[in-house]
Amino acid sequence: MAEKLLDVQHLRTHFFTRAGVVKAVEDVSFYIDEGETLGLVGESGCGKSVTSLSILRLLESPPGKIVGGKVLFQGEDILEMNREELNALRGGRAAMIFQDPMTSLNPVYPIGYQIAEAVKAHLKLDDKAAMNRAVEMLDRVRIPEARRRLNHYPHEFSGGMRQRVMIAIALSCNPQLLIADEPTTALDVTIQAQVLDLMKGLAQEFRTATLLITHDLGVVAGSCDRVNVMYAGRIVEAAPTTTLFAKPAHPYTQALLAAVPRSDTPKGSRLAAIGGQPPNLINLAPGCPFAPRCPKAQARCRAELPPLETVGPNQQAACFYPY
Amino acid sequence: MDQLSQNLPGIIFLLVIVGICAFTAIRVGVRFLIRRLAGLVFVLWGVSFITFVLGYFAPGNAVLVNCNGHCPRAQVASLMHFYGLDQGFWQQYWHFLSNAVRLDFGYSYIDRTVRVNDILSRYVPVSAQLGISGVVLAVLVGVPLGLYAAVKANTAFDTVAQTASLVLFALPSFVLIPFYWLIMINLHNAGLPSLAVTGWDSWDAMVGPILIFGAGAFAFFVRITRASMLEVLRQDYVRTARAKGLQERVVIWKHAFRNALINVLTAVGPALGFAVGGVFIIELLFNIPGIGVYSLTAIENRDYPVVQATVLLIAVFIALANLLTDVAYGIADPRIKTQ
């Protein structure tokens, strides 16, 4: 088997706050093969974004700190890289798109400059070639009149257009890995679909592997080869997308899927919800973090932490009583 | 030729204003400029009216100042006529306003042979030198220091910079000046090199006043730059810049500082206005022949033409400083232009 493009092993990221240590990411392992799209889903505060930021070491520190694990990118540990190696990787071989396009672009520079800047940093092109590349990228993310819009500032673009610019920046240096942290959450639904299709299409064209972070299972179903489900800082289930939707193993995944509104749900019926609240990540009780909300929980679940184990073909779940 | 050299400061002043206006029109737009200039004219008119009214109704006049109230009747009449004080309120006001537009403020009440403009051209440059070098120094040192303190937030450097700027900010110049004197006098007595502690006639006399005047503004700029940088460094676009793999130097200066500068710029105008009061105290304590001290004397002597001219001058200065701030703001922030 070919070497994994990204191999995250036992990643642990904690936040050191006055209230205590928040264990936002605890013992998270996953991998992405070249060209594949991996979804990382979970509800707000489960550690998805922190995981994605930890990969490129973009967490604000303090208070955030990666306290353990390895992030192997083509065999090299990103966590061990020096500043120069890290800068060459970021935006070059591995790029990232963020959640809020309204604040992710610098308001005082034209967008052409902001794309060309990344190009110049990694591809060693001169100003003119970099600008041409910026035009090409704007064309490819389907921004009309690309050359004229080079000198426009971010505030002259809509949210969807700005996210396209972010995608243009991210893909401008042909990265092997694209990390998209809730790229469509801040956009309205019609624009979401456009941006997702665009991202999917370009990722295939550029042969870029994608780590797609989202809380939207619909997005996962439409774009991902495999899915990892996170809960309370840990991965609780990992499976190919079709398997996950057909045969979810973990009760949390089952509950998530049950909560998705369907077009065949009778009109006027109540939407399903998961009772209770996600746990406080500062003082986690021993045992399975989902146990307090789990309909199948037994005494063992409250005493022991279930490890992530293979439960079916290509399917892993952290549950003593799967399916 | 002689007339040219006499009017040179005025000509330079006008050229500077024209330059600022042209630059504003090109960079930020003609409509913006017209709006601001109209506002400026209104402010100046208001200030001139108030100063005139104060001068008109305040007790004492040119005659009392000239001869302590013991002048012969004929001399009183001639003096009143000379200063136009024998006219009615509106006539006097019209006279004052039409002359002020031509930058002519008449003659001093103390001495009818001395033009107010001559007094201004003698004393204003000294104050301007002190004020401008102080503020420029404060910006040149304070802004980079504040930036560095923000980048190194919560380290020993940051704590020292913050504490020092807080102390300087809290200490008024009339507390700092005796300390300065104490140090210089002790240095002098110990036979070590020291700087002059009074006057304005040599470079070593200028160092103390400029440093002490700049101290407050310096502390102000350290604090505002630090606060502004800290806020900007948390922004998403700074993270984007890092995610592009840009060098930290580029992230800080190009992406963060450029945005932080917008906040710093908005504070420069008010700071300059605030600085005017500071100049007065420094001039007084260091015995510097500036317009601040002179206008204080003029108030005591009821030399109203000088007071009126000084107040107007300060108003022009502050209004221009604010206009410049807005222009700079328009240049630094592209969002202003299209709004």
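Chain A contains 12 helices and 12 strands. The model is a predicted one.

**Overall form of chain A**

- Along the principal axes, the C-alpha atoms of chain A occupy a box of roughly 65 × 50 × 45 Å.
- A compact globule of 323 residues would have a radius of gyration near 20 Å, and the value for chain A is 20 Å, so the two agree.
- Of the 323 residues in chain A, 46% are buried.
- Taking contacts in chain A between residues at least 6 apart in sequence, 65% link residues at least 24 apart.

- E6(A) pairs with strand E7 (residues 177–181) of chain A in the parallel sense, over 4 bridges.
- Within this pair, Ala95(A) has Leu178(A) in E7(A) as its bridge partner.
- E6(A) is covered on both faces: Ala94(A) and Met96(A) are buried on one side, and Ala95(A) and Ile97(A) are buried on the other.

- Strand E9 (residues 226–231) of chain A and E10(A) form an antiparallel pair over 6 bridges.
- Asn228(A) has Ala238(A) in E10(A) as its bridge partner.
- The hairpin of E9(A) and E10(A) has 2 residues between the strands, and Ala232(A) in this hairpin takes a positive phi near 50°.
- Strand E10 (residues 234–240) of chain A is largely enclosed by the rest of the structure, because 6 of its 7 residues are buried.
- E10(A) also pairs with E12(A), in the antiparallel sense and over 2 bridges.
- In that pairing, Ala238(A) is bridged to Gln316(A) of E12(A).
- E11(A) is joined to strand E12 (residues 315–317) of chain A by antiparallel pairing over 3 bridges.

- Strand E4 (residues 64–73) of chain A pairs with E5(A) in the antiparallel sense over 2 bridges.
- Leu72(A) lies opposite Asp77(A) of E5(A).

**Contact between chains A and B**

- Chain A contributes 24 residues to the contact and chain B contributes 18 residues.
- On the side of chain A that touches chain B, the elements giving two or more residues are helix H2 (83–89), helix H3 (101–104) and helix H4 (111–123) of chain A.
- H4(A) supplies the largest share of that side, with 4 residues.
- By residue type, the side of chain A that touches chain B divides into 13 nonpolar, 8 polar and 3 charged residues.

**Helix and loop features**

- Helix H8 (residues 173–189) of chain B has 17 residues and at 1.5 Å a residue should span 24 Å; its end C-alpha atoms are 24 Å apart, which agrees.
- Just after H8(B), Gly191(B) has a positive phi of about 80°.
- Arg142(A), which is not a glycine, has a positive phi of about 60°.
- Arg142(A) sits in the loop between helix H5 (127–140) and helix H6 (146–149) of chain A, and counts as partly exposed because it has 14 C-beta neighbours inside 10 Å.
- Leu103(B), also not a glycine, has a positive phi of about 60°.
- Leu103(B) is placed in the loop between helix H5 (89–101) and helix H6 (116–151) of chain B, and with 14 C-beta neighbours inside 10 Å it counts as partly exposed.

Notes:
Residues are numbered from 1 along each chain as its sequence is written. Chains are lettered from A and ligands numbered from 1 in the order in which they are written. This is a predicted model: local features need pLDDT of at least 70, side-chain atom pairs count only at pLDDT 80 or more; totals for chains, interfaces and linings use all residues. Two residues are in contact if their C-beta atoms, placed from the backbone, lie within 7 Å. Ala, Val, Leu, Ile, Met, Phe, Trp, Tyr, Cys and Pro count as nonpolar, Asp, Glu, Lys and Arg as charged, and the others, Gly among them, as polar. The expected span of a helix is 1.5 Å times one less than its number of residues. Two strands pair if DSSP finds at least two bridges between them. The radius of gyration is taken over C-alpha atoms; the globule rule is 2.2 Å times the number of residues to the power 0.38. A residue is buried if 20 or more other C-beta atoms lie within 10 Å of its own, exposed if 12 or fewer, and partly exposed in between; C-beta atoms are placed from the backbone.
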